[in-house]
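I opened the file to look up a few things and keep notes as I went. The entries follow the order in which I checked them.

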Amino acid sequence: MPGRGRCPDCGSAELVEDSHYSQNQLVCSDCGCVVTEGILTTTFSDEGNLREVTYSRSTGENEQVSRSQQRGLRRVRDLCRVLQLPPTFEDTAVAYYQQAHQLAGIRTARLQKKEVLAGCCVLITCRQRNWPLTMGTICTLLYADLDVFSGTYMQIVKLLGLDVPSLCLVDLVKTYCSSFKLFEASPSVPAKYVEDKEKMLSRTLQLVELADETWLVTGRHPLPVITAATFLAWQSLRPSDRLTCSLARFCKLANVDLPYPASSRLQELLAVLLRMAEQLAWLQVLKLDKRSVVKHIGDLLQHRHMLVRKAFRDGTAEIDAGEKELQGQGQGQALGDEDVGSSSLELPAGKRPSSPALLLPPCMLKPPKRVCPAPPVSMVTGDEDISDSEIEQYLRTPQEVRDFQKAQAARQAAQGTPNPP
Amino acid sequence: MGWVRSSATPSLVHHLFPPAICGSVDVGDQARPPARPLVPCSQPWPRPRLATSSRGPINGFCAPHAWPTQPQLHSLWLFPPFPTSQLPTVSPPPMEETYLELYLDQCSSQDALTPSRSPLLSPAVPYDVDMLTSSNPETAFNPQLEEVTEASGSFSAVDLSFLPDELSQENKDQTVIRSKHEVEENCKTQSRQIRLPLPSQLDAGLALNSSSGSGSHSHLHPADGNSAQPSPEKPHSMPLASITPMTPMAPISECSGIVPQLQNIVSTVNLACKLDLKKIALHAKNAEYNPKRFAAVIMRIREPRTTALIFSSGKMVCTGAKSEEQSRLAARKYARVVQKLGFPARFLDFTIQNMVASCDVRFPISLEGLVLTHQQFSSYEPELFPGLIYRMVKPRIVLLIFVSGKVVLTGAKKRSDIYEAFENIYPILKGFKKA
């Protein structure tokens, strides 16, 4: 501190009070000469009152970092430890957080955003190392809203210019399936519901792959598809005992949250399996429905590539052909094509031949909710005359204005007296 | 009979299709030609009409589709047709008359076309070798050339107006050369050299693009071995500015055949007067004003169905229109309402801020594949949003691409940007047709 004296060595007035471990020292900032220092040794009785200072607090490394940044970095480290990530992930996530903190937009953001930012950095690190971590998990850990999280995530990816690969579905299946508590008997899980982990994993993977091939995964949240696939895999491994168990009960047993879209994904997956079953000779004779097809999932999965090829026409080729035939039709071509398309199967007389369905995402198979007619092309030049009468229709007459003002005043008065007599 | 000579642009031997003109260069050893008698045209003054491509070629050039919106153009009507200036009776009447018609067509179609926002002159080919003495090759006539060439049946049947300038440059140059030859033949009888004095007062808006001009110099030099014949007649169309080729009036994309439909236009306009929002909300039936929620009046009109946010500073935002013209009409209607309420509202700086369009490519798209190959432009987070967000760099448009094949384009300030963006994305999407 200037004014406190001069350094005996170089004579500068720039003396700084600095602490070296637990010892106060007055140091010259020019030459480094220690001018005065506190007591280095203590008596035995004094030592009993002293407390040791941790290294991180004594080195001053945190004096350059602001408190909010320190808090954020601590949060990042805690998240990594809770998620049991490998140690290298922590360093990367911390580096990203520090980088993000240097951006002006982030430094001045609200605390809520900075907390969410910690989660974003961890998520980006995991994505880049192919560690399957969903945004839902992070949001639960952060107690944050998904929309706040998504806004911050998109912003930080853009600002830092990061290349974030997609979520790896296979790894996600493995981690998610392993979290189902069905692999050993317990008071809540009867023996007939217990399943071998490897078998269930492999079957679930095959079902998810099938869903991916048949447009059930693109554009949708991956988790409900995996839940539905796990449920089907589990059911099919011992159908006689498990067909009675519903999806909701299954998730409760397994101690896993049931995502809302999982039931519709389940229906879609069953529809695909039914279509495939129609192509298997020995299954055609059994009139399968959504429940009975589960028993044959094993067979269907074994020949899934061939069955998918046979069961579904290429949706895109059909659309091109169908467009030429069905131009002008308001309905989706899918329906028209299904009726028009002829089946190559030889079925017993009397049975309507089932034409191969189109391999399209479900949103394209459903009929459009409302047919939007093309808006008529209006030849408006923008410089047309505007008639007075057209404008007058939007204005209140003086009488109306008076009435409106009276009504407003009356309303104010009514609000002013909340308890009318 | 005779044409009245305009005094606005004096002494410009401004042939009907003035070639690239440098404002400062007076080409030719001749002094400014004295007022030439305009060749009397026996035909009645043709009614101005839109140029059509059915016109026959005039020395290889036909009426351009698009005409510049140069204000000075009208004065160009009155200049003598080029070759006949020296020989009042020599120039073939049909040529001259059709030149006039073309002039008129151009001028009349000025009004029909939206003003081009592009620089008035795009790179032009200096048609005349003598003109090349000017150090700044004029631009501007290239687009005319383009348009003229497209219409010309003999040279090219392809409509080039949608192509960028450089693509049609070669065609232009070729047609220029050919036309030069033709014209030279036609004017063989003319003994006197007709120089093209460059109009000194060409309008200031002419942007000179020397690079393309110099590029075309080389084309013209060899062609014009006979420099005695400057061809004033580059029977080009007129003028000085042209609509950018990239804003076609009837946009049919050649490759995809799908035209994105505009769904929403956001525009702003400055009414240039302070407004009393309370008074507006009181006197207008279609207005809502809740100062605690938002500091502007929200006004709606039925035709065109739009919503406007009117701020007390006099600025207004108009949303919901389905075309640029509708947006402008709606904004004018809002301004008129404000005027009728007693404020001195004007209509300044109307600008389109954003345009949103949508279309359907009709085949499913594998978004995972698209994000893998176009990583630097795409962002696909199925956990957050079912569509892929593609940020195109040129033109700067954001596209939302969905698995069903529906595409939403947004962020455009001009309609052409949207069409261009869709044309750019369509081949990419076709590549991801199969899963």
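**Entry 1: a charged pair between chains**

I began with A:Arg127, which counts as buried because its relative accessible area is 4%. I note at once that this is a predicted model. The partner I found for A:Arg127 is B:Glu383, in a salt bridge whose closest N and O atoms are 3.3 Å apart. I then looked up the accessibility of B:Glu383, which is 5%, so B:Glu383 is buried under the 20% cut-off.

**Entry 2: the interface**

I next asked how many residues each chain brings to the contact. Chain A brings 50 residues and chain B 43. The area buried between the two chains is about 4200 Å², and carbon and sulfur atoms give 57% of that area. On the chain B side, B:Leu282, B:Lys285 and B:Glu383 supply 17% of the area buried against chain A, more than any other three residues.

I counted charged and polar pairs here as well. The rule gives six salt bridges across the interface, and 18 residue pairs are in polar contact across it. Several elements of chain B give two or more residues to the side that touches chain A, among them helix 6 (277-283), strand 3 (296-301) and helix 7 (324-340). Helix 7 of chain B gives the most, with nine residues. By residue class, the chain B side divides into 19 nonpolar, 17 charged and seven polar.

**Entry 3: other salt bridges**

Over all chains the count is 19 salt bridges. I picked out B:Lys340 and A:Asp388, whose closest N and O atoms are 3.1 Å apart. This pair also crosses between chains, from helix 7 of chain B to helix 21 (residues 388-392) of chain A. Are these two residues buried, exposed or partly exposed? B:Lys340 has a relative accessible area of 32%, so I list B:Lys340 as partly exposed. A:Asp388 is also partly exposed, because its value is 42%. In chain A, salt bridges with shared partners join A:Arg77, A:Asp78, A:Arg81 and A:Glu90 into one network.

Within chain A I also looked at A:Glu195 and A:Arg242, which meet in a salt bridge at 2.7 Å, N to O. The pair links distant parts of the chain, 47 residues apart: A:Glu195 is in the loop between helix 9 (169-178) and helix 10 (197-213), and A:Arg242 is in helix 12 (residues 239-242). Both residues are buried.

**Entry 4: surroundings of a serine**

I looked up A:Ser236 in helix 11 (residues 222-237) of chain A. A:Ser236 is classed as buried because its relative accessible area is 7%. Which residues does A:Ser236 contact, leaving aside neighbours within four places in sequence? I find A:Arg203, A:Val294 and A:Ile297. The side chains of A:Ser236 and A:Arg203 are joined by a polar contact of 2.8 Å. A polar side-chain atom of A:Ser236 also lies 3.0 Å from the backbone oxygen of A:Ala233. A:Ile297 is 61 residues away from A:Ser236 in sequence, yet their C-alpha atoms are 6.2 Å apart.

**Entry 5: backbone geometry**

Most residues other than glycine have a negative phi, and most peptide bonds are trans. I therefore noted the exceptions. The bond joining B:Glu303 and B:Pro304 is cis, with omega about -5°, and B:Pro304 lies in the loop between strand 3 and strand 4 (306-311) of chain B. The bond from B:Lys394 to B:Pro395 is cis too, with omega near 0°; B:Pro395 is in the loop between strand 8 and strand 9 (397-401) of chain B.

For positive phi I have A:Gln84, near 55°, in the loop between helix 3 (67-82) and helix 4 (87-102) of chain A. A:Gln84 is exposed, with a relative accessible area of 65%. B:Ala272 has a phi near 60° and is partly exposed at 34%.

**Entry 6: confidence in chain A**

Chain A has a mean pLDDT of 83, and 83% of its residues reach 70 or more. Over residues 326-353 of chain A the pLDDT is below 50, though this stretch has 38 contacts in the model beyond near neighbours in sequence. Where pLDDT is low, the predicted coordinates should not be read in detail, so I stopped there.

Conventions. Residues numbered from 1 in each chain as written. Chains lettered and ligands numbered in written order. Predicted model: local features only at pLDDT ≥ 70, side-chain atom pairs only at ≥ 80, totals over all residues. Heavy atoms only, no water. Contact = heavy atoms within 4.5 Å. Buried area = accessible area lost by both parts, 1.4 Å probe. Salt bridge = Lys/Arg side-chain N within 4 Å of Asp/Glu carboxyl O. Polar contact = N/O pair within 3.5 Å; in protein donor to acceptor, adjacent residues only side chain to side chain. Helix = DSSP H or I, 4+ residues; strand = E, 2+ residues; numbered from the N terminus. Nonpolar A, V, L, I, M, F, W, Y, C, P; charged D, E, K, R; others polar. pLDDT = per-residue confidence, 0-100. Buried < 20%, exposed > 50% of the residue type's maximum accessible area, 1.4 Å probe, protein only.
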